[in-house]
Amino acid sequence: MKRIVVDPINRIEGHLRVEIKVDETTGKVEDALSSGTAWRGIELVLKGRDPRDAWLFAQRICGVCTTVHALASLRAVEDALGIDIPKNANYIRNIIAASQMVHDHTVHFYHLHALDWVSPVAALKADPAAAAALQNTVLDKYTLNLSGPVSFDTSAYAKDFPKATTAYFKDIQNRIKKVVDSGQLGIFAAHYWDHPDYNVLPPEAHLMAVAHYLNMLDRQREIVIPHIIFGGKNPHPHYIVGGMPCSISMNDMNAPVNTERLAVVDNSINLSIDLANGFYVPDVLVIGDLFVKAGYVDGGGLAGQRVLAFGDYPEDHYSGIANGDYFKNLLVRANGVVENFGQGVAKATFYPLEGKDLSDPNVLAEGVEHSWYSYPETGKDLHPWSGVTSPQYTGPKEGDKTHWKYLDEAGKYSWIKTPKWNGKMAEVGPLAKYIVVYTKVKQGIIGEPTWAEKFIVDQIETVSKLLNLPPEKWMPTTVGRTAARGLDAQLSAYISKYFFDKLVNNIKAGDTNVANTRTWDPATWPQEAKGVGLHEAPRGGLSHWVTIKNGKIDNYQAVVPSTWNACPRDSKAGYGAYEASMIDTKVKLAEKPLEILRVVHSFDPCLACATHLYDREGKELSVVRTDPYL
Amino acid sequence: MDKRDTLWELFQKKNISRRDFLKTCVALTSLMGLSTELIPQVVEAAEQKPLPPVIWLHGHECTGCDESFIRSQSPLASDLVLNMIALEYMDVLASAAGEPLEHHLEETISKYAGQYLLVFEGAVPTAENGIYCMVGGKPILETLKHAASGALAIIENGSCAAWGGIQAARPNPTNSVAVSEVVRGKPIVKVPGCPPIPEVLTGTIMHFALFGQLPPVDSQGRPKQFFGNRIHDTCYRRPFFDSGMFVENFDDIASKAGWCLYKVGCRGPEAYNSCGNMRWWNGMSYPIQSGAPCVACAANNFWDNDPFYERLPNIPVPNTIANADKIGGILAGVTAAGVVAHGVASYIQHKVHQSKEEKAHGAGQQPEGDRDNE
Ligand code: SF4
Ligand code: SF4
């Protein structure tokens, strides 16, 4: 038995460490731990601030999934204060969220995940002519001919389309060769390029994928242009509580949003549709297909047992979230939990997640058994609205507090808490969302699917046909988790278009409102209020919990997707999603655990998000007060 | 293996023509805000200067600064990462992980001792010997000091690295500080912003890549070419400020008309950055253009200069720009005198508190009638 440490896990947001115990003869992972190794205390910083500023602070929880924490925060504050945002603001926020989804997934797949599947070194062996032929085959075979509703069809043809010529691939290959020959490998240095898993794909697939890695590195910036127009910048675009600051006017040449600005957004959305259809979906499906054919259907972990999602994209007005109205109005009604999808959709069990569940401490709670915090009552989990976190750093099992050898899997070992649904662990993410929607539609729980829900079902069924495997076989796996993200990017590109069309139609109908400022003045607020903000973010279900007292934030908690997935184990609930998926993965060479990188990356880890919790009492550590006025 | 290419050699290897090489140099010259007379020097530098090795570390941060970095249009991130610098360590983009990656870091530090550029993103948590940010099983504080000792120069990338950023906002639970508070005796340039404008960061790195030294800086250690003016001085809404034409409430008719955002909290009068002139996405927009007041995200400890919708104190309007400028002058002066960390913010905060009592006076106009209905 060998104990392997991988720290830092690369190509992620934040700081993550994993340790695994591998049986070297069988390659079986006997035990695995996942640890968030940093803690920033942002919720503590939020305490006592103006709730109208909360989104600005919360947004800095993460800059990769920028904007998602701003959105969840705005929704939490608006829920608490009973603010109903105008239609246009809702459409604009949905466009920002959906374009973020396309962007985040694209960058994750090509720049943070692809190198677990493909290698620039292997690309050197490719025949450029065969690579061009492969590109054509891939476009023929792996393009999903699905499209969302488009009322203003402004794109004359697909502007961005993969190149499939011998000369192009020859040129890319020559460039890679020069980098490799120079010995200055830069970001490609020091990796296990000799790992046998880099032989699963033919050299031509490696060359094609590396070409697209470079292509997308330069194209991704254009996907988030809606953030620049509506929010002024990216990462971290601007909002206001009550709506958006970007006023709309067709009568003012200086207006933040007018026809010219809308055309810029439209152009970017068209591009994102082209990139998802022509690059991302075919690339992820051909790689997935070849891996599945080679027998790689492992890494499922919790996915086949229990997944959770909140759903998203309010169509129009809703009166609140904690009161459950929000769920009645969603384009993607993924709110709920599905157990045992691994046994087939017919045998899976669906549990709804509705308004009343949000405030029930028996349904949603967090524990700290293996986290570096202590609770007033040991063993009693707490609901986020009354969360307590007293940091209690205990150091490692071997080594000392500032120099770790091995962390202590029997004790505390992470800055991430353990969130639970009904006392159980659940996986979240695009795969979870897809499993929940598919189950709800197939079991008739959703009677009349929205176009987006139908789109999800169509995508899943088309891919199942392509792979010649039922959904329960390919979805709860490493490949399935990665493929679901690509499908979600395609869906999200059409969701951007859908809300863009709604925005234009609404302006056409004479409504240019973007902000509800009737309750802007804190004098209009109740003395005490609490709210929850939900968002189905790129990495899964996200919730922010705020309590407001006398116009100031009294308590702030965020239970983020990576908290659900990267959390440490629990003696009653079992392993967290990362840990379960690693245990479910076979490792060929203990010293070069490429399979572990691949399965952990398939979750798109985002650690700064997960490790910033603090307590309601706000136990202060080494507090330095340099501001005499506060 | 040891050979490091110059930009020109790299272009030759890649069969890119001399003409393209010269074109690139011209583009770089203007990108860095240098006069065209300096083009021959840029060409010479690019011909002779080997590609600088770069080590990029992360402390307490949100990775927004990396994301901003890859959004750069000129130079494109791909060109910069693969062609203009040798990015030897950056965990966010690196293929490798864990021990091999850490080993590569050590190799780079010793092989290129005294030659590499260190980019640090994020704040440095110093409480309890740095246990609040452990990377590779040890505090990032330790790795930073180690990597800094052999660096030729250091870039504090983003407001977290430059000032401590959001985690250093009150009550600063992890006692996070700027890089320059724990590293001394090295040339350090601050590239603040939350995040910095992509081209501001890549422009600073390019300057180093071509000239082998950091760009000229102001009294606070920021590149003058990007932080020389207040947003207020480069803002296209400034004529409205000067004429006393203000947005009074979000989404009022003045918001639609694009008037000055000062009264809804704009921090432009105290913000030094390139948002007003370069803008984001090469001129596409910036927060003010999208109707959002500036929050001065590149300013020292701007987080504690909240609430963000309270108007800045003591900038009388209209047509009395002298006072508004005075605030900027005082800010620069105070900081130059070495008042660190939260001093400046405290000053502003104090004024904000005062102004709350004073209540903003009502100078200003509104556009006539609802022009939407015209
Ligand atoms: S400066 Fe802002 S964008 Fe950059 S790492 Fe810090 S919080 Fe993120
Ligand atoms: S106060 Fe703000 S919006 Fe007004 S001119 Fe100055 S920078 Fe521009």
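**Chain contacts and a ligand shell**

Modeller: Between chain A and chain B the count is 2 salt bridges, a salt bridge being a side-chain nitrogen of Lys or Arg within 4 Å of a carboxyl oxygen of Asp or Glu. This is a predicted model, in which local features need pLDDT of at least 70, side-chain atom pairs count only at pLDDT 80 or more, and totals for chains, interfaces and linings use all residues. Residues are numbered from 1 along each chain as its sequence is written, chains are lettered from A and ligands numbered from 1 in the order in which they are written, and side-chain values use heavy atoms, with hydrogens and water left out.

Biologist: Which side chains does A:Arg49 or B:Asp306 meet in a salt bridge?

Modeller: They meet each other, at 3.1 Å from N to O.

Biologist: And how many residues does the contact take from each chain?

Modeller: Chain A gives 105 residues and chain B gives 104, where contact means heavy atoms within 4.5 Å. In chain A, A:Gln184, A:Ile187 and A:Arg221 lose the most area to chain B, together 9% of what that side buries; buried area is the accessible area (1.4 Å probe) that two parts lose on being put together, summed over both.

Biologist: What is the area buried between the two chains?

Modeller: About 9100 Å², of which carbon and sulfur atoms give 58%.

Biologist: Changing topic, which residues are around ligand 2?

Modeller: Among them are B:His232, B:Cys235, B:Arg237 and B:Tyr262; a residue is near a molecule if one of its heavy atoms lies within 4 Å of it.
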